[in-house]
Amino acid sequence: MILTVRFLLVLCLLPGLTVAQINFQKKAWKDVLAEAKIQRKLIFVDVYTDWCGPCKMLDREVFRNSEVGKRFNGQFINYKADAEHGGIAIASQYNVRAYPTGLFINGDGELVHTFVGYRPVEFFLKEGEQAFLRTNDGIDLAFYMQSYEEGNRTPELMRAILKLNRKYGRDREAIVEDYLTKLPADSLNKLVNLMIAYENAERVDSKAFSVLVANKKDVRFLDRARIILSQDINRSAENRREDRLPVLMTAVEQLVDERVDEQKADYQIQFYESMKQWDQYAVQAEAYVKTHLAPSLTLEAKTRDSTTFWMNYYKLCNIGWSFFKEVKDEAKLKAMTDYVRQANQLTETPNAMGVCACLLYQMGQKEQAVQWQEKAVLLSAQTGASDVDAYKDRLKRMQKGKPVQ
């Protein structure tokens, strides 16, 4: 898969992908205990049997819930124990007599909290909260929160609260918003408060993000704001929140000082790509290429600013690849093929040749596709490209009339 420079940067900087369900460890029990001790986390153990109906309901209705996954993956190490196959010793050690039974165990193997029977999401989360609040960090967090609710607003207390919430994947957006919104204006620019915004901003329509934007002359805060924007775009797309596009585009306008329309178009393409709404993606991407990319791919532009030229060149290849994979409209495929072919005439690369070959193949123009793929194979071999075998394999598939990927 071909990725834009912007998208590669975002992937490298993301702290991690959100897991939509509880992630249960597959390690040996002794290794899970050791990991819990190192991380100073509790182990949540789901003790079940194959024939237990409520156990299956937990699996189906609770463990796959996104909020449960977020909370439990952050706060606990999760483990399954079949009380009749493989988990007999655990069930026996903790005197389990009914199923399902939830055990919360520390790294020393000590039982901290337990419950028996099915729990719907709301009450399952409450069981986890009870267990967490019996840990040292949970006790500390409860103490800090009591101090905060009593009016303590020192930055040191805030950072302590937010550090624990961040460590355990707990929601911190509301408390950050409350803290920053109530700060006097002359305190917002203190470094400690800027770092609170830096470490905890999650959405573009938040006080933390606006603090970063207000200080975007500092590259640290500008880069962080860009990452938050891309994360929010991807999250909104995954949740199919097209209604958030105006808010997201306003954030782009706040962040960038030049080529605003171009960057807004680029981010909209990212949105529809993440959303997998390919019809709208095709419309937006074709307009973006026509208006912004194609005019910049000239010999003059290459001489003037080679870095931007190559970035746009590979952006075009990336869009062309997405068209080959996802777009079915033949008119749009032909238009994109012409753009990629023109770029390749300007500067020949195996990448552009291969994309052009795939687009032609998708449109049923097998003979032309094979010719372009042969050129891609030859040039990739001449330049010593590491993926020459992939080009050769695609050529063989085209020659045999097989699907290519």
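Colleague: In this structure, is Lys-276 buried or exposed?

Modeller: This is a predicted model, and in it Lys-276 lies in the loop between H14 and H15. Its phi is near 60 degrees, a positive value in a residue other than glycine. The relative accessible area of Lys-276 is 59%, and since exposed means over 50%, the residue counts as exposed.

Colleague: Within what arc do the buried residues of H15 fall, seen down the axis of the helix?

Modeller: The buried residues of H15 are Trp-278, Tyr-281, Ala-282, Ala-285, Tyr-288, Val-289, His-292 and Leu-293, whereas Asp-279, Lys-290 and Thr-291, on the other side of the helix, are exposed. What covers the buried residues includes helix H14 (260–275), helix H17 (306–326) and helix H18 (330–346). The buried residues line one face of H15, because seen down the helix axis they fall within an arc of 145 degrees.

Colleague: What distance does H15 span between its end C-alpha atoms?

Modeller: Helix H15 covers residues 278–293, and a straight helix of 16 residues would span 22 Å at 1.5 Å a residue.

Colleague: What is the omega of the peptide bond from Tyr-99 to Pro-100?

Modeller: Tyr-99 is found in the loop between helix H5 (88–93) and strand E4 (101–105), and Pro-100 has its place in the loop between H5 and E4 as well. The peptide bond that joins Tyr-99 to Pro-100 is cis, with omega near -5 degrees.

Colleague: In what order do the 5 strands of the open sheet stand?

Modeller: The edge strands are strand E1 (24–25) and E5, each of which pairs on one side only. E4 pairs in the antiparallel sense over 5 bridges with strand E5 (residues 111–116), and strand E2 (residues 42–48) also pairs with E4 in the antiparallel sense, over 5 bridges. Pairing in the sheet is mixed, and the order is E1-E3-E2-E4-E5.

Colleague: Which residue in E5 is the bridge partner of Gly-102?

Modeller: The hairpin of E4 and E5 has 5 residues between the strands, and in this hairpin Gly-109 takes a positive phi near 85 degrees. On E4, Leu-103 is the bridge partner of Val-45, whereas Gly-102 is bridged to a residue in E5, namely Phe-115.

Colleague: At about what angle to E5 does helix H6 run?

Modeller: Helix H2 (residues 29–39) lies across E1, E2, strand E3 (76–82) and E4, and runs at about 165 degrees to E3. Helix H6 (residues 121–132) lies across E2, E3, E4 and E5, and its angle to E5 is about 165 degrees.

Note on methods:
Residues numbered from 1 in each chain as written. Predicted model: local features only at pLDDT ≥ 70, side-chain atom pairs only at ≥ 80, totals over all residues. Heavy atoms only, no water. Helix = DSSP H or I, 4+ residues; strand = E, 2+ residues; numbered from the N terminus. Expected span 1.5 Å × (residues − 1). Buried < 20%, exposed > 50% of the residue type's maximum accessible area, 1.4 Å probe, protein only. Arc of directions from axis to C-beta. Contact = heavy atoms within 4.5 Å. Pairing = 2+ DSSP bridges. Axes fitted to C-alpha atoms, helices over the stretch in contact; angles between N-to-C directions.
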